[in-house]
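Hi,

Here is the structure I promised to pass on to you. Have a look at it first, and then read my notes below.

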Amino acid sequence: MTPSGVITVRIPAEAGHVPLLRTAVAGVAARQDFTLEEVDDLRMGVEEAAVLLLRRSASQPIELHLEVTGDGLDIRLETVIDGDEPAIDTSSFSWTILSALVDEVASTREGNRARIALAKRRTQGIPA
Amino acid sequence: MTTKYSRDDTKMLFAKLRETEDPELREQLARLHLPLVEYLAKRFKDRGEPLDDLIQVGSVGLLKAIDRFDLDRGVEFSTYATPTIVGELKRYFRDKGWAVRVPRRLQELSLRLNKVVSQLTQDLGRSPTVSEIAKAAEVSEEEVLEALESGQAYSTTSLDAPAGNDDDDTPQRLERMGEEDVALENLEYFASLAPLIEQLPEREREILYLRFFKGMTQSKIAEHVGISQMHVSRLLSRILEFLRSGMEGDADY
């Protein structure tokens, strides 16, 4: 019944477009039986990750990939970045925020492509 | 000082004001007609804006009316001022993007869903899902999504509202005092953020700490701090936004 496949949203590297990514992830998550609070976490998480990439972006589009998995949602944000450093400094405050908002967070880099991967599982039915 | 409403006083004050342009008279007229503003503001009070804010907005309309009122028109000032005050209030909501952009049907559903959500949160001991809300409210999931989105848009604009107008003197507040130091210490570990975090009100600092360092859920924080989960959510977004813009330049919380 649940549609499958990866949903992709691509925005120009401008802060003004980031809300669109928030809306996209919220729309998908809310339809996947995440609780409102989890939807909210995802919204904030995607925004945080997008802003991180935006700061490093070589003015290339930022892509958001959303994939519904058996127990939740896999999210990837990607862009082309400048410089040699990893996409995220894992000792940063942003990293702490991301770690609190989702179940898994990873920052990888292949060539000049930086990626932040987030995963969040549903906890529906498990009392807070 | 007279604050009791009287038509004769009003006429006399207006005559004097036109003659002398004395700002004190203008103020006296404003004070005299504040009950009118309050009365009109109350008619807008179920739209999610604090009454105090509405009275302030209405007062702007009142001052405009005072400045424009023409004694020779032969109408009572209150008759003249009412549409100006109401116009100011309407414009306020229009600027907020709620009254006009969000259809009435959605506004009503959104308000109703707020109640359903808090009831479900209480019953389930956690935040509900869209399908649970739809079932409880007896509407479709798409309608819930639509209403939540419109509500979300609305909450986003009300982020501009001043923070900290909840009751801060709840009993829990005292019990929580001891935790403050811990919160600060942990947050200040991020040296670059310390000056920004210092600018946050105590409650916002605590919410930040509980959510991101203690991993507490929004509902738990809501319970702990004594505000609604929706409010926690709004505050969190606002805090993150502040920290982000603060790191890039300067920002005011």
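Let's start with one residue: Ser94(A) is buried, with a relative accessible area of 3%. The cut-off for calling a residue buried is under 20%, so Ser94(A) at 3% falls in that class. You'll find Ser94(A) in helix H3 of chain A. What is Ser94(A) in contact with, once you leave aside its neighbours within four places in sequence? The partners are Glu48(A) and Leu52(A). Before you go further, keep in mind that this is a predicted model.

Now for where the two chains meet. Chain A puts 27 residues into the contact, and chain B puts in 35 residues. Between them, the chains bury about 2800 Å², and 55% of that is on carbon and sulfur atoms.

How many salt bridges are there between chain A and chain B? The count is four. One to look up is the salt bridge that joins Arg31(A) to Glu142(B), where the closest N and O atoms are 3.0 Å apart. Polar contacts turn up here too: 13 residue pairs, both partners at pLDDT 80 or more, link chain A and chain B in this way.

Which helices of chain A supply at least two residues each of the side that touches chain B? They are helix H2 (36-56) and helix H3 (93-101). H2(A) gives the largest share of that side, with 10 residues. If you sort the side of chain A that touches chain B by class, you get 12 nonpolar, six polar and nine charged residues.

Over to chain B. Chain B has 253 residues, and 44% of them count as buried. Take the contacts in chain B between residues at least 6 apart in sequence: 59% of these join residues at least 24 apart.

One helix of chain B to click on is H4, residues 51-68. This helix has 18 residues and reaches 26 Å from its first C-alpha to its last, close to the 26 Å expected at 1.5 Å a residue.

Cheers

Conventions: Residues are numbered from 1 along each chain as its sequence is written. Chains are lettered from A and ligands numbered from 1 in the order in which they are written. This is a predicted model: local features need pLDDT of at least 70, side-chain atom pairs count only at pLDDT 80 or more; totals for chains, interfaces and linings use all residues. Side-chain values use heavy atoms; hydrogens and water are left out. Contact means heavy atoms within 4.5 Å. Buried area is the accessible area (1.4 Å probe) that two parts lose on being put together, summed over both. A salt bridge is a side-chain nitrogen of Lys or Arg within 4 Å of a carboxyl oxygen of Asp or Glu. A polar contact is a pair of N or O atoms within 3.5 Å; within protein, one must be able to donate a hydrogen and the other to accept it, and residues adjacent in sequence count only if both atoms are side-chain atoms. Helices (H or I, at least four residues) and strands (E, at least two) are DSSP runs, numbered from the N terminus. Ala, Val, Leu, Ile, Met, Phe, Trp, Tyr, Cys and Pro count as nonpolar, Asp, Glu, Lys and Arg as charged, and the others, Gly among them, as polar. The expected span of a helix is 1.5 Å times one less than its number of residues. Buried means under 20% relative accessible area, exposed over 50%, partly exposed in between (1.4 Å probe, protein chains only).
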